[in-house]
Amino acid sequence: MRRIFTFLSIFSVFVICKSNENQNRLQQEEDYIIIESYKKPVDQWLKPIIDDGVAWSEMAPIETDMDYYKNLEKPDVQLGMILFFDPKLSASNQISCSTCHHPEMGWTTHTKKAVGHDHLEGSRNTQSILNVASKNTFFWDGRASSLEEQALGPIGAHNEMNMNIDLLPKKLQKIEKYRELFSKAFHTKRIKSEHILKALAAFQRTVKSQASRVDKFMQGDFKALTNQEIKGLHIFRTKGRCMNCHNGQYLTDEKFHNIGLTYYKRKYEDLGRYNITKNPDDVGRFLTPSLRDLLNTRPWMHNGFFDDLTGIVNMYNSGMQVVNPTPEEKIKDPLHPVVDPLLKPLNLTSQEIKDLVAFLEALNGTKFKMPRPEIPR
């Protein structure tokens with residue numbers, strides 16, 4: 001009897017091992033088919049999983065900016081660069097645009113929130129200025145529609161630069177070098193606030209991401225990504241449902257979504273887009289950030305609370321585990337936030353999460369080491 005039991009045990013182990021071996025072989029074959037399906041032009045890739053009604057555009061590589069150094073020589077860009085790094089744009093003469101948008105930190109800071117005038121902390125995580133030339137909407141809540149309008153925000157904010165924009169031209173007008181620079185850029189020695197904003201915008205439009213390994217892969221270098229990263233690309237486009245919001249050349253739909261981080265009626269409450277529109281449907285909605293160079297722009301989200309990429313993927317994998325209000329609760333409290341219906345549990349395996357994270361990390365490609373310009377005295 002004992003021999004029969006031993007034989008059955010051995011046989012069961014054999015069957016299980018054989019079954020696992022077959023499953024592994026099938027998985028390897030499936031992985032091979034997926035990997036090879038992406039080693040071709042982007043327009044021949046497997047179609048992404050996109051929800052009905054979602055407007056999206058296909059992924060596209062960024063090209064090397066062949067005119068970068070030529071553009072840097074333009075008078076308005078040269079002036080804008082100097083202004084960007086000049087702390088005299090602040091009331092205290094201590095804070096420049098680059099204080100919160102450091103070129104070697106992905107043009108942001110690596111803190112949850114930046115510290116400005118009088119050591120006051122900002123209300124949200126600092127957004128990077130990488131690729132702002134491609135944007136039509138600025139700030140997490142979309143309160144500005146141009147770079148020139150955006151620049152007014154931090155210059156005048158009491159907890160950032162605390163400078164009255166109407167007084168800034170007179171302040172700069174006293175400096176001979178600035179009179180010369182504004183004359184070259186705008187053909188007048190009379191400095192105006194609109195010229196300051198235009199120059200800052202002109203410089204910021206030159207700040208662009210450099211090609212990542214993902215871009216090289218899309219351009220035909222199929223050795224640029226590992227097999228794991230290619231599988232992650234597939235998860236990004238399909239089971240991960242990422243392209244519902246992160247699509248196009250810069251991997252953002254430039255729209256506003258509530259992903260469940262409103263902290264409604266709690267300590268860290270932020271009503272997001274609603275503060276601008278006063279539309280109850282916009283409570284908790286924030287602008288979709290670009291995923292390019294995301295390792296350079298950590299920590300993430302509008303509040304800067306998250307610094308672990310795997311942790312963020314796990315959150316999305318769970319569907320963010322947010323309980324929406326019932327219809328009755330919504331009637332009683334119209335401002336009670338409702339999470340975007342695009343958020344759903346993903347049921348990713350631990351291996352698929354690793355693959356997706358590997359792909360996201362491969363989107364990093366930019367290394368800026370910009371020397372600070374000489375500031376006029």
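Let's start with the record. An unreviewed UniProt entry lists Cys97, Cys100, His101 and His117 under "binding site". Keep in mind that this is a predicted model.

I'll take two of those positions. Cysteine 100 sits in helix 4. Cysteine 100 has a relative accessible area of 12%, so it is buried; the cut-off is under 20%. What does cysteine 100 contact, beyond its neighbours within four places in sequence? Trp107, Thr108, Thr109, Ala114 and Thr126.

Next, histidine 117. This one is in the loop between helix 4 and helix 5. Relative accessibility is 13%, so histidine 117 is buried as well. Set aside the neighbours within four places in sequence, and histidine 117 contacts Ser92, Ile95, His158, Asn159, Glu160 and Asn162.

Is threonine 137 buried or exposed? Buried, because its relative accessible area is 15%. Leaving out neighbours within four places, its contacts are Gly142, Ala144, Glu254, Phe256 and Leu287.

Last stop: valine 207. Valine 207 is in the loop between helix 8, 193–204, and helix 9, 213–218. Its relative accessibility is 1%, so valine 207 counts as buried. Where does the chain meet it? Not counting residues up to four places away, valine 207 touches Trp107, Ile129, Leu130, Asn131 and Val132. Look at that last pair. Valine 207 and valine 132 are 75 residues apart in sequence. In space, their C-alpha atoms are 7.4 Å apart.

How values were computed:
Residues numbered from 1 in each chain as written. Predicted model: local features only at pLDDT ≥ 70, side-chain atom pairs only at ≥ 80, totals over all residues. Heavy atoms only, no water. Buried < 20%, exposed > 50% of the residue type's maximum accessible area, 1.4 Å probe, protein only. Contact = heavy atoms within 4.5 Å. Helix = DSSP H or I, 4+ residues; strand = E, 2+ residues; numbered from the N terminus. UniProt positions renumbered as here; feature names shortened; annotations may be inferred.
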